[in-house]
Protein chains: 2
Amino acid sequence: MINTPYLLYLGHSDDELSIKTSRGLAVFRPDVCVGEFRHDDCPLTLGLPRMDFALAAAAGAKTLVLGVANAGGRLGEDLIADAIAAMEAGLDIASGLHQRLKDDERLVEVAGRLGRNLHDVRDPQPGIPVGNGKPRAGNRLLTVGTDCSVGKMYTTLCLEQGLTKRGVKADFRATGQTGILIAGSGVPLDAVVADFISGAIEQISPDRHDGGWDLIEGQGSLFHPSFAGVSTGLLHGAQPDAIVMCHDPVRKHMRGLPHYQVPDLAKCLEANLRVAALTNPNVRAVGIALNTSSLPQAEAEALCARTADALGLPCTDPYRMGVETILDRLLADAPAPAAKTEAA
Amino acid sequence: MINTPYLLYLGHSDDELSIKTSRGLAVFRPDVCVGEFRHDDCPLTLGLPRMDFALAAAAGAKTLVLGVANAGGRLGEDLIADAIAAMEAGLDIASGLHQRLKDDERLVEVAGRLGRNLHDVRDPQPGIPVGNGKPRAGNRLLTVGTDCSVGKMYTTLCLEQGLTKRGVKADFRATGQTGILIAGSGVPLDAVVADFISGAIEQISPDRHDGGWDLIEGQGSLFHPSFAGVSTGLLHGAQPDAIVMCHDPVRKHMRGLPHYQVPDLAKCLEANLRVAALTNPNVRAVGIALNTSSLPQAEAEALCARTADALGLPCTDPYRMGVETILDRLLADAPAPAAKTEAA
């Protein structure tokens with residue numbers, strides 16, 4: 001639907017967290033990313049060739065992905081000007097921002113005049129049902145977090161790769177715009193109407209009878225005052241058999257909210273298990289995933305070991321150290337597929 | 001904006017819970033309701049004169065309110081046929097259903113041809129912010145519940161009337177379609193996009209410095225697998241100083257979900273206080289509101305007394321027995337307005 005290859009947009013971003021969509025694509029779909037676009041004041045890079053729009057078009061890029069985020073997901077004047085310039089150079093535009101490309105008259109006018117496509121990845125498909133909480137057949141794992149942007153998507157994708165490598169059927173179920181761009185399907189959960197949050201997850205993770213796992217991408221945090229409603233509905237809709245809790249050990253405060261502290265790991269784990277138990281009383285935690293990218297290797301390993309000891313769970317940095325310890329725990333005490341199918 | 005007086009729609013409904021919007025208007029805005037419309041198979045009544053559309057128009061009705069609800073809030077064929085007949089008789093249409101009047105081509109065509117207005121009360125206003133969880137000045141009370149449809153709106157409106165009668169400034173903050181029709185403003189919370197649930201409540205209950213109370217209408221239940229996300233975001237956005245928990249003592253199971261039990265009162269209260277504490281660590285419970293409409297008076301009073309004893313909180317049926325005991329508790333240990341203002 002969205003033409004590839006992509007040119008990934010960084011714009012004026014100077015905050016690593018704000019470019020997570022662009023980076024996610026660069027990491028998990030490098031085959032379809034020809035370059036990155038950034039202004040001179042942007043100190044960040046994805047390690048891709050820097051290109052302006054004309055160069056990218058000449059290199060074969062078909063779509064500029066506005067893979068940046070900001071609170072509220074608004075389209076700033078700079079984004080709009082850049083998107084227009086990209087269309088003039090021959091590119092389509094894809095965006096995961098809350099504010100829709102198709103709601104901006106200038107973008108719609110230029111796209112119409114030049115014959116370009118505007119893709120709003122954050123528009124949910126119609127027909128999402130109200131959740132019903134009925135037990136479903138199959139195995140489900142959900143990543144949860146102490147905060148937003150702590151590695152839930154990365155962890156989920158690493159778990160999918162790890163299970164697949166072990167010969168266990170596994171499917172990544174995307175719930176955010178980057179995940180959807182990577183997986184090719186999913187639901188942009190934070191854009192779903194509030195009454196349908198859990199139903200949206202029930203829909204993307206239906207009954208499965210092949211003994212495999214649905215690996216569901218988590219969103220937000222039960223301890224984030226802006227987004228805990230999303231996380232709650234996601235827990236209920238996922239009815240996970242297993243959760244993996246993701247955490248950024250150097251995060252100073254909740255994302256965007258200097259007046260809110262990051263919760264204690266044990267307290268956060270307990271809260272997630274308690275909420276999840278409403279729709280799956282057998283839910284269990286199988287691991288902790290730390291984003292240790294800012295720590296030296298030895299320190300990262302020591303921190304994972306200490307955390308594992310403290311919580312009695314495997315702890316790793318999935319991207320840096322792999323997910324084998326978590327998979328060992330997950331598969332060691334998973335219910336037999338037959339029993340699960342019968343129960344549902 | 002919506003022309004009054006109203007004709008209230010019951011249609012083919014045979015479930016008291018499904019007509020709560022029509023009944024809420026009949027109870028709290030009797031001055032603007034001229035009659036009710038029901039088919040012969042509808043065993044329910046609001047105690048208003050039964051009228052067909054022509055009779056209602058002749059009696060002065062300006063708008064048919066489709067004050068009925070069903071899971072998912074869809075517009076059935078019978079509702080559409082009735083709405084068209086009502087427009088042909090001269091009435092506008094107002095609806096609180098999820099599925100919008102303006103999304104049905106037949107309704108739009110008839111309304112356009114006849115010059116009638118279609119009002120979708122469930123469409124949120126644009127510009128809702130992401131919640132920020134910052135402490136706000138003023139006093140706030142939120143009604144919460146063991147389930148959906150257990151009397152949260154009634155209780156909130158009774159508390160508003162009671163406080164006003166005591167000379168305390170109080171404002172009802174509506175979060176559902178009926179409440180919005182009654183109050184003339186508010187936010188249809190279950191129709192808000194998931195990322196903005198708490199922000200929507202912060203917006204309708206901003207700083208207040210007059211020593212009065214915002215009385216915020218609750219929605220759903222932390223223990224309802226379909227809607228707990230909404231309830232969670234509402235708790236966080238409301239940052240209530242006080243909560244009143246509403247409960248239907250004869251409810252057999254969670255609304256719409258025979259496979260889910262109604263939670264224990266103490267457990268539900270504790271869960272609500274725990275979630276609310278994220279944005280207001282000083283939150284306290286000040287009462288229990290039971291909907292005893294199906295019980296004899298003596299039994300209702302005994303149940304309230306037992307519940308009060310068991311939980312150590314005032315317990316009443318607000319509509320039947322008043323809210324004085326809850327108001328006594330609320331005002332006895334409320335922080336002084338000055339202290340609150342300073343804190344924020």
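Student: Within what distance do the axes of helix H3 (residues 77-88) of chain B and helix H4 (residues 105-114) of chain B come, and at what angle do they cross?

Tutor: The model is predicted, so local features require pLDDT of at least 70 and side-chain atom pairs pLDDT 80 or more, whereas totals for chains, interfaces and linings use all residues. Residues are numbered from 1 along each chain as its sequence is written, and chains are lettered from A and ligands numbered from 1 in the order in which they are written.

The axes of H3(B) and H4(B) come within 10 Å and cross at roughly 0°. Axes here are lines fitted to C-alpha atoms, for helices over the stretch in contact, with angles from 0 to 180 degrees between N-to-C directions. H3(B) and H4(B) are therefore roughly parallel to each other (under 35 degrees; over 145 is roughly antiparallel, 65 to 115 roughly perpendicular, the rest oblique). Helices (H or I, at least four residues) and strands (E, at least two) are DSSP runs numbered from the N terminus.

From H3(B), the contact draws on Ile80(B), Ala83(B), Ile84(B), Met87(B) and Glu88(B), and from H4(B) on Arg106(B), Leu107(B), Val110(B), Ala111(B) and Leu114(B). Two residues are in contact if their C-beta atoms, placed from the backbone, lie within 7 Å. By class, this contact has eight nonpolar, no polar and two charged residues; Ala, Val, Leu, Ile, Met, Phe, Trp, Tyr, Cys and Pro count as nonpolar, Asp, Glu, Lys and Arg as charged, and the others, Gly among them, as polar.

In chain A, the axes of helix H3 (residues 77-88) and helix H4 (residues 105-114) likewise come within 10 Å and cross at roughly 0°, which makes H3(A) roughly parallel to H4(A). Ile80(A), Ala83(A), Ile84(A), Met87(A) and Glu88(A) of H3(A) meet Arg106(A), Leu107(A), Val110(A), Ala111(A) and Leu114(A) of H4(A).

Chain A is divided into domain 1 (6-120) and domain 2 (139-343), with bounds from an automatic or database domain assignment. The C-alpha centres of these two domains lie 28 Å apart, and their contact takes 11 residues from domain 1 and 10 residues from domain 2. Helix H1 (residues 20-28) of chain A gives the most to the domain 1 side, with five residues. That side divides into five nonpolar, four polar and two charged residues.

Among what covers the buried residues of H1(A) are strand S1 (6-11), strand S2 (33-38) and helix H6 (177-183) of chain A.

Turning to another helix, Ile326(B), Leu327(B) and Leu330(B) are buried in helix H12 (residues 324-332) of chain B. They cover an arc of only 95° around the axis, which puts them on the same side of H12(B); the arc is that of the directions from the helix axis to the C-beta atoms. The buried residues of H12(B) pack against elements of chain B including helix H5 (152-165) and strand S10 (284-290).

Between the chains, 34 residues of chain A are in contact with 34 residues of chain B. Helix H8 (228-238) and helix H7 (197-204) of chain A are the elements that give two or more residues to the chain A side, and H8(A) supplies the largest share, six residues. This side has 17 nonpolar, 14 polar and three charged residues.

Methods:
Buried ≥ 20, exposed ≤ 12 C-beta atoms within 10 Å, placed from the backbone.
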